[in-house]
Amino acid sequence: MSNEPTDHEVPMFDDRSPIYRQIAEQIRADVLSGALKGDDQVMSTNQYAKFHRINPATVAKAFQSLVEQGVLYKKRGLGMFVSPGAREALRGEHRESFMTEVVDPMLERARLIGIPLEDVIDRIRQAQKQAQENEKAEQR
């Protein structure tokens, strides 16, 4: 099964970073979201290159970086697959960066402007409750 994206799923490459990094980030995002699961096969280098109209060497560089990170693995003669446990590993990375990049600065700012920690926690709980209620409403 090759997970070929549909037209509405095709990432648009931009100038903010090299294309191979954008490819790798898109695959990492698909693994993180669960769109790609452990042992799912990804498109071949040539399929990916043809679909996105880019150089196969660029795709190969992205895939190699994902292999080095443990997100993908290669089955000789069969192609590239998502590593079992890749989603959990990526979640761990993102949890840590979320805490240092979002939570820690938020808490420091709250402290500086005199918002008690309990008020921050209450606000987070209210937002979570609202999100859960919205989810339930959408499922109906």
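**Briefing: a nonpolar core and a nonpolar surface patch**

L107 is partly exposed, with a relative accessible area of 33%. The model is predicted. V31, by contrast, is buried, at a relative accessible area of 1%, because buried means under 20%.

**Surface patch**
- L107 is a residue of helix α4.
- Together with M106, L117 and I124, L107 makes a nonpolar surface patch of about 330 Å².
- Two helices, α4 (86–112) and α5 (117–139), each supply at least two residues of this patch.

**Largest nonpolar core**
- The largest nonpolar core has 21 residues, and I27, V31, F63 and L72 touch the most other members.
- Two or more residues of this core come from each of α1, α2 (45–52), α3 (56–68), β2 (79–82) and α4.
- The element that gives the most to the core is α1, with 5 residues.

**V31**
- V31 sits in helix α1, which covers residues 19–33.
- Apart from neighbours within four places in sequence, V31 is in contact with L36, V71, V82, A86, R87 and L90.
- M43 is 12 residues from V31 along the chain, and the C-alpha atoms of the two are separated by 14 Å.

**L72**
- Leaving aside neighbours within four places in sequence, L72 is in contact with I27, V42, F63, L66, V67, F81, V82 and S83.

Terms used:
Residues numbered from 1 in each chain as written. Predicted model: local features only at pLDDT ≥ 70, side-chain atom pairs only at ≥ 80, totals over all residues. Heavy atoms only, no water. Patch = residues over 30% accessible without salt bridge, like charges linked within 9 Å, V, L, I, M, F, W, Y side chains within 5 Å. Areas by Shrake-Rupley, 256 points an atom, 1.4 Å probe, with all protein chains shown as cover. Salt bridge = Lys/Arg side-chain N within 4 Å of Asp/Glu carboxyl O. Helix = DSSP H or I, 4+ residues; strand = E, 2+ residues; numbered from the N terminus. Buried < 20%, exposed > 50% of the residue type's maximum accessible area, 1.4 Å probe, protein only. Contact = heavy atoms within 4.5 Å. Core = buried A, V, L, I, M, F, W, Y, C linked by side-chain atoms within 4.5 Å.
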